[in-house]
Amino acid sequence: MRLSYPPAPSYYAASIATSATLEAGTRTHRETLRGEHRVDVAVVGGGIAGCSAALHLAKRGYRVALLEAQAVGYGASGRSGGQTIFGLAASQKSLTAQVGRDDARRLFDLSIEALDLTQSLIREYAIDCDYHANHVHVAVKPRHLRELDDWARELHEDYGYRSARLLNRDELQEHVRTKRYLGGLIDSRSGHLHPLKFTEGVAHAAEAAGADIFEKSRVLRYEDGPEVTVHTAHGTVRCAHLVLCGNAYIGAVAPALSRRILGVGTYIIATEPLGEARIRALLPSNAAIADINWILDYFRSSADHRLLFGGRVSYSAVQPRRLADSMRKRMLRIFPSLAGVKVAYAWGGYLDITMSRAPDFGRLAPNVFYMQGFSGHGMSLTGLAGKLVAEAVAGTAERFDVFARIPHRDFPGGRLFRRPSLMAAMMYYRLRDML
């Protein structure tokens with residue numbers, strides 16, 4: 001099943017206005033690839049991973065062409081909840097079982113480096129993306145409190161990570177005013193930002209460093225060999241190295257990769273502006289919030305004082321009917337005082353998950369690299385992925401290969417039955433959320 005790009009405009013696309021490439025919130029597309037080009041490295045995908053790869057490669061002096069099927073940030077990178085969070089989507093216990101204690105520790109440390117890199121890119125390139133510190137994982141039920149306590153102990157004792165600390169119910173009120181949650185785990189090193197502004201900012205930085213970015217340039221296929229040839233509808237790129245960052249949309253370009261990930265729909269609404277006083281009454285510290293259910297709710301404030309509220313998932317890749325109404329009901333369980341507030345935007349997008357929820361990095365040939373499967377933890381990790389693949393292209397692959405050593409397997413069921421089988425399996429987790 002080929003995923004189509006979501007037609008509904010996101011709040012981010014409507015709100016962004018950067019004079020270099022955008023005007024009054026309307027996207028101004030870059031050129032489409034036409035004719036034959038020769039570069040050192042071609043990058044497929046204009047999300048954060050691809051833009052970061054283009055930036056870090058160009059800074060090393062490589063000639064780079066980035067090919068994006070639609071527009072920079074049009075997929076998950078520019079449509080997400082915008083939360084920058086420590087760790088990976090797979091638990092550290094799971095990673096330890098897969099790659100051993102030493103590499104699991106390296107993976108955790110790299111996730112923290114990813115947070116630092118995000119903030120470093122914002123500072124170095126003056127990216128105006130509404131960044132704010134603090135993220136809180138919250139407990140909906142007593143079982144969650146025990147899980148958060150175990151998590152905090154693991155972070156402190158096994159990983160030496162001290163910026164995350166537990167909050168009791170009263171302390172949590174300093175960050176989110178609701179009766180729904182019993183406690184939380186706050187991390188001051190994590191935070192939230194405007195994802196499309198950040199992605200565009202990294203793209204501008206890559207262009208300033210010398211990379212060429214082409215939009216409306218969907219890659220149809222590539223031919224590997226000592227020189228790789230990449231084909232689009234209107235042109236070709238010949239290159240010494242290819243970096244694939246198509247993620248949920250990689251499809252027929254790399255079927256072996258497509259079988260190892262699944263595009264899962266996730267959804268967000270944005271309210272009408274609430275005003276600063278009202279939004280601060282709900283979120284006093286301007287932290288991002290997420291519960292720890294399997295089918296989780298997450299939310300935060302926008303720069304113009306809307307509540308951005310996300311959640312739900314669709315393993316069928318079909319957007320739920322009456323999306324805004326169903327998301328609004330979830331929001332009102334947490335903030336019943338918003339009953340009279342209108343939903344101004346409702347949109348969805350696809351994130352790419354792996355079977356283990358660990359990211360999938362590697363090579364399809366000695367000169368063909370890929371990064372995918374960030375499984376909802378990609379807002380910062382994708383930026384680091386781009387830096388690591390630039391290191392690998394330059395011949396220093398030790399850090400890239402820490403991720404490449406994580407084992408992965410195809411989703412079961414083949415092309416026709418992989419989604420139905422996963423939907424059936426997810427019923428267990430939905431039922432568990434109710435307990």
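This is a predicted model: local features need pLDDT of at least 70, side-chain atom pairs count only at pLDDT 80 or more; totals for chains, interfaces and linings use all residues.
Strand S6 and strand S14 (residues 288-291) run parallel, paired over 4 bridges, with His-137 standing opposite Ala-290 in S14.

**Strand S6**
- S6 also pairs with strand S8 (residues 183-192), this time in the antiparallel sense over 7 bridges.
- His-132 has His-192 as its bridge partner in S8.
- Because 6 of the 8 residues of S6 (residues 132-139) are buried, the strand is largely enclosed by the rest of the structure.

**Helix H2**
- H2 (residues 48-59) has 12 residues and reaches 16 Å from first to last C-alpha, close to the 16 Å expected.
- Of those 12 residues, 11 are buried, including Cys-51, His-56 and Leu-57.
- After the helix comes Gly-61, with a positive phi near 95 degrees.

**Salt bridges**
- The count comes to 25 salt bridges.
- Arg-399 and Glu-113 form one of them, with their closest N and O atoms 2.7 Å apart. This pair links helix H13 (residues 398-404) to helix H5 (residues 101-124), 286 residues apart in the chain.
- Arg-399 is partly exposed at 26% relative accessible area, and Glu-113 is partly exposed at 23%.
- Asp-297 meets Arg-330 at 2.8 Å between the closest N and O atoms, linking strand S15 (residues 297-301) to helix H11 (residues 323-334). Both Asp-297 and Arg-330 are buried.
- Within helix H6 (residues 142-159), Arg-153 and Asp-150 are separated by about one helical turn because they are 3 residues apart; their side chains form a salt bridge at 3.1 Å, N to O.
- A network of salt bridges links Arg-30, Glu-200, Glu-207 and Glu-215.

Definitions and conventions. Residues are numbered from 1 along each chain as its sequence is written. Side-chain values use heavy atoms; hydrogens and water are left out. Helices (H or I, at least four residues) and strands (E, at least two) are DSSP runs, numbered from the N terminus. The expected span of a helix is 1.5 Å times one less than its number of residues. Buried means under 20% relative accessible area, exposed over 50%, partly exposed in between (1.4 Å probe, protein chains only). Two strands pair if DSSP finds at least two bridges between them. A salt bridge is a side-chain nitrogen of Lys or Arg within 4 Å of a carboxyl oxygen of Asp or Glu.
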